[in-house]
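Work through each task with the structure open beside you, then compare your steps with the solution.

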Amino acid sequence: MKNSIKIAVLVMGITAYANAQKLNLDWIEVVGDKVVVHYDLEDSNPNHQYLVSLFSSKDNFSAPLTRVTGDVGTEVKPGKDRKVIWDVTKELGAFKGNITFEIRGRVFVPFVKLVEFEEGKVYKRGKNYPVTWTSGNLSGQVNVELFKGIDRVWGENNLPNVGKYQWYIQSSAKKGSDYILKFTNTKDRNDYVVSRPFTIKPKVPLLVKVGVIAAVGVGIKFAAGSKTDPPAVADDLPSHPTDPNGN
């Protein structure tokens, strides 16, 4: 069953940081089961980053919509024709009726900012790695969690937010390229930063491990055989001496 959506009222909001900032809603379109919100985000400082969230009347604007992509979430840069794409089916299932939207934005100042954490970086399980970040609140605490896709596989809570941590990758971690680290402010669970996706691989390649085991097996077989074979007799050994009686 397809969704039938009627946009009744459109409102917008922005948490002001300075008078030079403005959030303008341009237009909204319904494309199949998706709603596309077009907006302009103006700021005299192009280096500012914003936290942009989309709300709806389905819950009286109490929580941001989660099945959204595009220019939404953290680190949104100012610019023209920014887009938020909301997947109605994934969020609400079959839906029919009127709905009201509200878009909100505020200058985003992350409580941690990762240093030298590049997308696609490769880490090996069973090893320690230093993780560093810049912090605007050295007296605070942070939770560090490892996710593979949407599954949480490891975490450390209430770590000092001092900008460094020795991260040990457990040997049981599955290999894959869809890992991220998530850093959460312990005083505000909505204040978090995630790394770019990275890869975890075995410490020693499987092929190398198999080769080492095979070589050891050959050595053991050779040693066992040397204990059961009769001793070799050389052909050039002197003959047994003759006894005095001429025998």
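Helices (H or I, at least four residues) and strands (E, at least two) are DSSP runs, numbered from the N terminus. This is a predicted model, in which local features need pLDDT of at least 70, side-chain atom pairs count only at pLDDT 80 or more, and totals for chains, interfaces and linings use all residues. Residues are numbered from 1 along each chain as its sequence is written, and side-chain values use heavy atoms, with hydrogens and water left out.

**Exercise 1. Get an overview**

Task: find how many helices and strands the chain has, and what share of its residues is buried.

Solution: 
- Step 1. Start with the elements: the chain contains two helices and 17 strands.
- Step 2. Use the cut-offs for accessibility: buried means under 20% relative accessible area, exposed over 50%, and partly exposed in between (1.4 Å probe, protein chains only).
- Step 3. Of the 247 residues in the chain, 32% are buried.
- Step 4. A contact means heavy atoms within 4.5 Å. Taking contacts between residues at least 6 apart in sequence, 64% join residues at least 24 apart.

**Exercise 2. Follow E145**

Task: locate E145, decide whether E145 is buried or exposed, and find the partner of its side chain.

Solution: 
- Step 1. E145 sits in strand β12.
- Step 2. E145 counts as buried because its relative accessible area is 14%.
- Step 3. Leaving out residues up to four places away in sequence, E145 touches R152, W154, G155, I180, L181, K182 and T184. For T184, the separation from E145 is 39 residues in sequence and 8.4 Å in space, C-alpha to C-alpha.
- Step 4. A polar contact is a pair of N or O atoms within 3.5 Å; within protein, one must be able to donate a hydrogen and the other to accept it, and residues adjacent in sequence count only if both atoms are side-chain atoms. The side chains of E145 and R152 are joined by such a contact, of 2.7 Å.

**Exercise 3. Explore the nonpolar cores**

Task: find which residues have the most contacts inside the largest nonpolar core.

Solution: 
- Step 1. A nonpolar core is a set of buried Ala, Val, Leu, Ile, Met, Phe, Trp, Tyr and Cys residues joined through side-chain atoms within 4.5 Å.
- Step 2. The largest one has 25 residues, and W133, L146, W167, L181, F183 and F198 have the most contacts inside it.
- Step 3. Elements giving two or more residues to this core include β11 (128-135) and β17 (198-201).
- Step 4. A second, separate core has 21 residues, among them L23, V76, F95 and F101.

**Exercise 4. Describe the largest pocket**

Task: find how much space lies in the largest pocket and which element gives the largest share of its lining.

Solution: 
- Step 1. On a 1 Å grid over the protein atoms alone, a pocket is an open set of points where a 1.4 Å probe fits, with protein on both sides within 12 Å along at least five of seven lines; lining residues have an atom within 4 Å of a point. Grid points are joined across faces, edges and corners, and a volume is the space filled by probe spheres set on the points.
- Step 2. The largest pocket holds about 1700 Å³ of space.
- Step 3. Its lining has 43 residues, and V72, G73, T74, Y192 and V194 lie nearest the centre.
- Step 4. β16 gives the largest share of this lining, six residues.
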